[in-house]
Structure formats: C-alpha cells, structure tokens
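User: Please go through this structure with me, taking a loop residue, the nonpolar cores and a helix pair in turn.

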Amino acid sequence: MSKNTTYTVTVTQDKARDRLDRFLAGAVPPLSRSRLKGLIELGQVTRDGATVTEAAAKVKVGEVYGVFVPAAVPAVPRPQAIPLNVVYEDDDLIIIDKSPGMVVHPATGHPDGTLVNALLAHCGSSLSGIGGVTRPGIVHRLDKGTSGLMLAAKNDIAHRHLAAQLEERKLERRYKALVWGRLRPGQGKVEGPIGRSPANRKKMAVVKKGGKPALTRYRVLASVGTAASLVECRLTTGRTHQIRVHMAKLGYPVIGDPLYGGGPKGRLKGAPETVRQALKTLDNQALHAFLLAFNHPESEVKIEFESELPNYFKKLVKYFSSI
C-alpha cells in the first residue's frame, strides 16, 4: 500500500497570478491538474498553513502551498473476522447494531477494520454488489462516531427494493441524541440545505448555494439535569452529518461531537468531576440510531427493530442528570 505524501512548494515571481490548480500542476509533476483540483476541493491543500478550497484562486509571490496526498485505498476490501452485533439476518438482508468508532466502509485513513470488512467475512460472497467493491450491500450509512442500527442487503434484488424505500422516504430511521442545553420548543423541525462548508471542506453546513434539501424532525424526550436534553430525531432526508449539522444550527449541538461544537468548551464550569472526566474520555458524539422500520423486500410485510441505548450513552445521561 502506498503512503501518505505531502508536497511543499513556493510561488516564484514568474508564476504569480496563475490559477492555483495550474500552478500546482507545474510545481508537482506527479499529479495531474484534475487530481490536484480534486484535492483542493477536498481541503487537502493549504496556503501558508490555512486550508484553501478554490482551484481558480490566483497565487501570489512568496506564498507557500502544502499538498497532502492520501495513501491509495485498496480497490477490493478484504474479509476480516471482526465481531458484529447481529440483530437480524435472513437470505435477503442483515441488520447490525453498530458500535461507536467503527467506520462503515474503507476510505482514506481507514483502509480496513471497517463494517464492510466485517460483513465480507460474516456473509461471504452473498452481499449485494450494487454499492460497488468498497460498499457492498450498504443501503445507508452511519458516521464513525454514531452507534446503532444499520441495514445491509445480501442480494441485488433486495438492495434495489430497500434503496427505493429509502429514496421514497418509506424506510424509517429514528435517533436519540444527547444535546447541550434545555431545548425549546419541545418539538419541531429543522430544515435547510446541507453541503460542504465553504470555510472547512471537512465539515458539512447549512448552505445558501449548492446544498441538498434536508429536513430533520425532533422532539424532546426529557431534560437531563440543567445542561442537556435527550432528543429523538427523525430523518426525512439522509444527508451526511444531517442531525449533527441541524442540531448545531439550532444552537443545541450533540454532546461529544468533535466537529460541530459539541465539546465542553467551558460549558461545564462548576460541574462534578465525574461529568468532566466522562467528557474527556468520550471520543464520539452521543448519537444513537435506535429504530429502523421498513417493508421486507421479499414478503412486503413491515418490520421494525429497536436498539437499547449503549452503555456509554446511559452513563452520560446519568452523569448529566447530576448537574
């Protein structure tokens, strides 16, 4: 497997006012201009240490650009005997209760050890091929730090059927989130198109242009102490980081969220040490996919599955109840 590579180049007088992608193509011969444009848009290029995402930006004399090229991911994931919590399985589909911290499919930075690697070992060659070699059988996904129920198809007919339900919003998904603050009103909706953040390409955001429509419905299940709320979220659409982005937009970010303002950041001044320590050791957002309901692709009968809150989540609720 190749390794991550970083190139560092400085703009000289004769290259001033060139487009960034054109300048880099000349300065970094191993990479094509189209490849460099993609890296720029993915936030893998810096200018004097700050991320730059506009390929058409004009370069200036003396600017120093860093180009990070991630290691190539193997084309075909290998089966790995990773323990799975299988909730249900038949000839058409499998439902997993995913633990927080497990990546769903191989990608840059996570070439193996993923749910896909585990499914390949568990299911063998029976997974649907519709998702491609890196995402076989995957009907929908969860973020690395989100726990809970996930559905995968074991043949192409089932995959098409389930994907159609997802597209037609007939596949029901509900989540429980522990968020900062006493959320008011007690129920409502957050609506706003989600796309790449123009300020940070590694994040998503509610954007004015270029985003995809997104709608999250929520209701408060309980106030947890004085600093948090337990909230049920229902996805009408399924955009990347949707609940996390929408709750942060409301001003009530998911506790523990490393990207969208869910860290302590001084919110716990005067809180018990147990709560402080719990947050210091928390390495994922408190978000759990607890309900999944859909029509079975073979029988057409509606089936529903629920998952209990995992231990890390229960402990957080207990700690926050004390403040």
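The questions and answers below concern this predicted model.

Analyst: Local features need pLDDT of at least 70 and side-chain atom pairs count only at pLDDT 80 or more, while totals for chains, interfaces and linings use all residues of this predicted model. Residues are numbered from 1 along each chain as its sequence is written, and side-chain values use heavy atoms, with hydrogens and water left out.

User: Is Pro193 buried, partly exposed or exposed?

Analyst: Pro193 sits in the loop between strand E9 (187–191) and strand E10 (194–196); strands are DSSP runs of at least two residues and helices (H or I) of at least four, numbered from the N terminus. Buried means under 20% relative accessible area and exposed over 50%, with partly exposed in between (1.4 Å probe, protein chains only). Because its relative accessibility is 33%, Pro193 is partly exposed.

User: How many residues does the largest nonpolar core have?

Analyst: Such a core is a set of buried Ala, Val, Leu, Ile, Met, Phe, Trp, Tyr and Cys residues joined through side-chain atoms within 4.5 Å. Leu279, Leu316 and Phe320 are among those with the most contacts inside the largest one. Another core, apart from it, has 17 residues, including Val9 and Leu24. The largest core has 49 residues.

User: Which residues of H7 make the contact with H6?

Analyst: The axes of H6 (residues 273–281) and H7 (residues 311–321) come within 9 Å. Contact means heavy atoms within 4.5 Å. From H6 come Thr274, Val275, Ala278 and Leu279. H7 contributes Leu316, Tyr319 and Phe320.

Methods:
Axes fitted to C-alpha atoms, helices over the stretch in contact; angles between N-to-C directions.
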